[in-house]
Amino acid sequence: VAQAVVPGVAATALELGFFSKFNNVLFRPSGGVADQRFPALVLLHTCGAMRERETRYWVKAGLDKGFVVLAVDSLRGNDTNCNFPLRVESGRRIKDAFDALNHLAKLPFVDPGRIFVAGFSQGSFIASLLSSAEVAAAFAPPSNLRFAAAAGLYGHCQYPAGSLRGVSYQIDIVRSDIDRPLLLLMAQLDNETPPESCEAVLPLLKSRGAPVESHIYPDTTHCWDCVTLDGRVKTDSRGAQIVYRFDQATTDNSRQRVFDFFMR
C-alpha cells in the first residue's frame with residue numbers, strides 16, 4: 001500500500017508507476033540483490049507547488065541511475081511559497097531536508113554515506129545552504145549526518161535583501177564555509193535568479209579550495225526543465241518581466257551533469 005511520507009516517519013518504498021504521486025513519497029529502484037544498499041537522492045522543489053511532470057522526470061532519472069529517491073514537499077498545503085513574508089521559512093525547509101536525510105539513513109536498503117540532495121530555484125537556495133558547515137551545525141540531526149553532496153539548479157549565490165537605516169545588506173546563499181561538494185547550474189538569460197550574483201562569489205570560493213563547481217547554460221531561461229510552464233510570462237515584485245522557456249536539451253544535460261557529479 002502506498003504511504004505518503006512525512007520526513008522522518010517510516011513508510012513503504014514504492015516503485016515508480018503510471019499513477020504514482022510524488023509529494024513526500026519514497027521510491028526505490030527495481031531489482032537489486034539481497035542486502036544491497038543504494039545511494040539516495042532528496043529532491044527540493046521550487047517556491048511553487050510540486051509539479052507532477054517535472055518531479056516525475058527527476059524521480060525517474062534517479063531511479064534509472066540506481067538511486068532511492070524522496071521528493072520532499074515543504075509547502076504544507078500552501079499553494080505557493082514565492083512571496084514575502086514566506087509561508088514556509090527557509091529554516092523550516094532546511095530542517096525538512098535534514099529530516100529526510102535522517103529518515104533515509106535509517107533504511108536498511110540505503111547507504112547512509114551516499115545520500116545526496118538536488119534543489120530547484122528556491123530549493124537550490126536550500127541545497128546550497130545545506131553545504132555550509134555552520135548551517136549543518138545548527139540544523140543537522142543528532143547523528144550529525146550530512147549530505148554527501150548537493151546540486152542547485154537555477155538558483156543564485158546572494159539575495160539582495162534590502163537596506164536598514166540607509167545601509168544595504170544581502171543574504172549569502174552560497175556561504176564561505178562550504179565543506180560539502182556543491183554543483184550550481186545556472187541560466188544565462190535568467191532574470192529571476194540571475195547568475196551575475198555568483199560572479200564575484202564563486203571564483204573567490206574556488207580560489208580558497210571550496211568544493212564548488214558551476215556551469216552557466218547560454219541562451220537559457222530560469223526553470224529550463226519546467227515543461228508545464230513553457231512560455232509562461234509573469235511580472236515579479238521588482239517589476240521585471242520573467243519568461244520561462246522549456247529546453248529539453250538543457251534539461252537532459254543538467255540531469256547528466258548532476259548525476260555525474262554525485263557519482264564522482
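This is a predicted model: local features need pLDDT of at least 70, side-chain atom pairs count only at pLDDT 80 or more; totals for chains, interfaces and linings use all residues.
**Figure 1. Close-up of Asp111 and Arg114, whose side chains meet in a salt bridge.** The nitrogen-to-oxygen distance in this pair is 2.8 Å. Asp111 has a relative accessibility of 22% and therefore counts as partly exposed, and Arg114, with a relative accessible area of 36%, is partly exposed as well. The structure holds 13 salt bridges, and the pair of Asp111 and Arg114 is one of those drawn in this set of views.

**Figure 2. Close-up of the salt-bridge network that links Arg76, Arg92, Lys95, Asp96 and Asp99.** Within this group, Arg92 forms a salt bridge with Asp99, and the closest N and O atoms of the two residues are 3.4 Å apart. Arg92 is partly exposed at 32% relative accessibility, whereas Asp99, with a relative accessible area of 18%, is buried because its value is under 20%. Side chains of opposite charge can pair when their charged atoms come close.

**Figure 3. Close-up of Arg175 and Asp177, which form a salt bridge.** The closest N and O atoms of Arg175 and Asp177 are 3.5 Å apart, a separation that lies within the 4 Å cut-off used to assign a salt bridge. Arg175 is partly exposed, with a relative accessible area of 22%, and Asp177 also counts as partly exposed, at 22% relative accessibility.

**Figure 4. Close-up of the disulfide formed by Cys47 and Cys82.** The sulfur atoms of the two residues are 2.0 Å apart, and the link is right-handed, with 90° about the S-S bond. Because Cys47 lies in the loop between β2 (38-44) and α1 (52-64) and Cys82 in the loop between β3 (68-72) and α2 (90-105), the pair ties together parts that are 35 residues apart in sequence. Cys47 counts as buried at 14% relative accessibility, while Cys82 is partly exposed, with a relative accessible area of 31%.

**Figure 5. Close-up of the disulfide formed by Cys157 and Cys198.** In this pair the sulfur atoms are 2.0 Å apart, and the link is right-handed, with 100° about the S-S bond.

**Figure 6. Close-up of the disulfide formed by Cys223 and Cys226.** The sulfur atoms of Cys223 and Cys226 are 1.8 Å apart, which is within the 2.5 Å cut-off used to assign a disulfide. The link of these two residues is left-handed, with -60° about the S-S bond. Cys223 is buried, with a relative accessible area of 3%, and Cys226 is buried too, with a relative accessible area of 0%. The count of disulfides comes to three, and when the bonded cysteines are counted along the chain, the disulfides of the protein follow the pattern 1-2, 3-4, 5-6.

Terms used
Residues are numbered from 1 along each chain as its sequence is written. Side-chain values use heavy atoms; hydrogens and water are left out. Helices (H or I, at least four residues) and strands (E, at least two) are DSSP runs, numbered from the N terminus. Buried means under 20% relative accessible area, exposed over 50%, partly exposed in between (1.4 Å probe, protein chains only).
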